Amino acid sequence: MVRLTKIALIGSLSLLASSAWSQTNVGADHYGGLPWSVAAPQGAEWTLSCGFTPVTLEMRIYDRKHWANRLNRTGRGPQRGRLPGDNGNCTLTKTNGSGAVAIALVKDGVAKSAATLHREKPVTVNVF
């Protein structure tokens, strides 16, 4: 029984290590991946939370192996940007104001989008 537990523990540790080694290093190009766009034509306020496969990036000369797997933004009205990688999922929540808010992610020229009018109903778009 003890031997089986040790084997399971070693297997678990090797899986964790391999996922850490599989991070993509994007260097100083933090935003060279998927484009995202938030539409809020009537100036509504929102929060955006995007998750993606872990990446390492260069933040400054003394921090060249900074690890990230999430992007969080708050805003008002339209805004756009890019994720550091080629996959991700984004959740958009309307926090205040009138009108709808919408999120779009584009991968390989194809846009996936979702919209909401309600603060209690966040929307999510996945591109993996």
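**Entry 1: the disulfide**

I started with the link between Cys50 and Cys90, which is right-handed, with 110 degrees about the S-S bond. This is a predicted model, so I keep in mind that I am looking at computed coordinates. The two sulfur atoms sit 2.0 Å apart, and the pair is a disulfide.

Which parts of the chain does the pair link? I found Cys50 in strand E3 (residues 45-57) and Cys90 in strand E6 (residues 88-96), so distant parts of the chain are linked, 40 residues apart. How many disulfides turn up in a search of the whole structure? I got one.

**Entry 2: the whole chain**

Next I stepped back. I counted one helix and nine strands in the protein chain. Reading along the sequence, I wrote the pattern down as α-β-β-β-β-β-β-β-β-β. The chain has 128 residues, and 31% of them are buried.

I also looked up how far apart in sequence the contacting residues are. Taking contacts with a separation of 6 or more, I saw that 67% are between residues 24 or more positions apart. For the surface, I noted that the chain exposes about 8200 Å², with 57% of that supplied by carbon and sulfur atoms.

**Entry 3: the largest nonpolar core**

Which residues touch the most other members of the largest nonpolar core? My list has Trp36, Leu48, Leu83, Leu92 and Ile103, out of 21 residues in this core. The elements giving two or more residues to the core are strand E2 (35-39), E3, E6, E7 and strand E9 (123-127). E3 gives the largest share, five residues.

I moved on to strand E7 (residues 101-107) and its pairing with E8. The two strands run antiparallel and are joined by seven bridges. As one example, I noted that Val106 has Ala111 in E8 as its bridge partner.

E7 and E8 form a hairpin with two residues between them. Asp108 lies in the loop between these strands. I checked the backbone angle there: phi of Asp108 is near 55 degrees, a positive value in a residue other than glycine. Is Asp108 buried or exposed? Exposed, because its relative accessibility is 74% and the cut-off is over 50%.

**Entry 4: Thr116**

My last stop was Thr116, which I found in strand E8 (residues 110-116). Thr116 has a relative accessible area of 8%, so I wrote it down as buried. What does the side chain of Thr116 reach? I traced it to the backbone oxygen of Lys121, at 3.0 Å.

Leaving aside neighbours within four places in sequence, I listed Ala100, Val101, Lys121 and Val123 as contacts of Thr116.

Conventions: Residues numbered from 1 in each chain as written. Predicted model: local features only at pLDDT ≥ 70, side-chain atom pairs only at ≥ 80, totals over all residues. Heavy atoms only, no water. Helix = DSSP H or I, 4+ residues; strand = E, 2+ residues; numbered from the N terminus. Buried < 20%, exposed > 50% of the residue type's maximum accessible area, 1.4 Å probe, protein only. Contact = heavy atoms within 4.5 Å. Areas by Shrake-Rupley, 256 points an atom, 1.4 Å probe, with all protein chains shown as cover. Polar contact = N/O pair within 3.5 Å; in protein donor to acceptor, adjacent residues only side chain to side chain. Disulfide = S-S within 2.5 Å. Pairing = 2+ DSSP bridges. Core = buried A, V, L, I, M, F, W, Y, C linked by side-chain atoms within 4.5 Å.
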